[in-house]
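Please read this briefing beside the sequence and the 3D view. The points below are grouped by topic.

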Amino acid sequence: MLNSIIELIDTYWLYFLVGQYPEGPLGGLALTVLLSAGALLLAMPLGLLLGVARVSSRRAVRWPTAALVQLVRAVPLLLVVFWVYFFLPAVTGVKTGQATTMLMVLVLFDSIYLAEIVASGIRALPKGQLESARSLGLSYPQALRLVVLPQTLRRGLPSIVSQLVSTIKATSLGYIIGLSEVSFIATQVNTLVFTQAVEVYLILALTYFILCFGLSRLAFLLERRLQGRTVRVQ
């Protein structure tokens, strides 16, 4: 089996990596990583906004935000993919491509989970941080931007990296709509070799494991480093 795996990697490594690019659209592992990182970056501003609204002292802001967060978290990601790809074009008349559809869905879900990370980080800050900043003459937006959010993002960095891991795994749902991410490419390779399904999907599993385990270890190391800094400060 090991020889078969090595032979498959040697023959199809470039296809696994970039799909049909440059003769066709970018795919494979490169598309998976770009989609995941791009979705997380695009979701960050909305996630920050929702996270601040989540802990707002105003009920008119806090309650609708909480309802939105709970609604999105309760709906399966696969169902939203189907809605965006099939239902929205039927209503709006505008059809989105597979990559655009998946990016939109991932941005929506990432922003919701980032909002929870931001809200938890703000709640974990020592009481009086915001009030102290306001007493120094800073406006509420300035206090958030200069005092609260920098600390929140630094403390929440391990959780943000963990969210990137979840996003990478979620891109595999793009297979359902024909998105040529790495699991879709693995299926195409399997149809070419046909008799080596175990080897093909073992390579796919190892690819996900190496990528996600590496990022998970990074999140763990970041968390330990931040905890060490907190202990030294105290």
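In what follows, Ala, Val, Leu, Ile, Met, Phe, Trp, Tyr, Cys and Pro count as nonpolar, Asp, Glu, Lys and Arg as charged, and the others, Gly among them, as polar. This is a predicted model, in which local features need pLDDT of at least 70 and side-chain atom pairs count only at pLDDT 80 or more, while totals for chains, interfaces and linings use all residues. Residues are numbered from 1 along each chain as its sequence is written, and side-chain values use heavy atoms, with hydrogens and water left out.

**Second largest pocket**
- The lining of the second largest pocket has 9 nonpolar, 3 polar and 3 charged residues.
- Among its 15 lining residues, Val55, Ile122, Leu130, Glu131 and Val148 lie nearest the centre of this pocket.
- At least two lining residues come from each of α5, α6 (129-135) and α7 (140-170), helices being DSSP runs (H or I, at least four residues) numbered from the N terminus.

**Packing of α3 with α5**
- Helix α3 (residues 59-74) packs on helix α5 (residues 98-124) at an angle of about 125 degrees, with the axes 10 Å apart; axes are lines fitted to C-alpha atoms over the stretch in contact, and angles run from 0 to 180 degrees between N-to-C directions.
- The contact (heavy atoms within 4.5 Å) is made by Leu68, Val69, Val72 and Arg73 of α3 and Leu108, Phe109, Ile112, Tyr113 and Glu116 of α5.
- These contact residues of α3 and α5 divide into 7 nonpolar, no polar and 2 charged.

**Packing of α2 with α7**
- Helix α2 (residues 28-54) and α7 pack at an angle of about 145 degrees, their axes lying 10 Å apart.
- Contact residues include Leu40 and Met44 of α2 and Leu149 and Leu153 of α7.
- By class, the residues of the contact of α2 with α7 comprise 12 nonpolar, 4 polar and no charged.

Methods
On a 1 Å grid over the protein atoms alone, a cavity is a set of points where a 1.4 Å probe fits but cannot get out, and a pocket is an open set with protein on both sides within 12 Å along at least five of seven lines; lining residues have an atom within 4 Å of a point.
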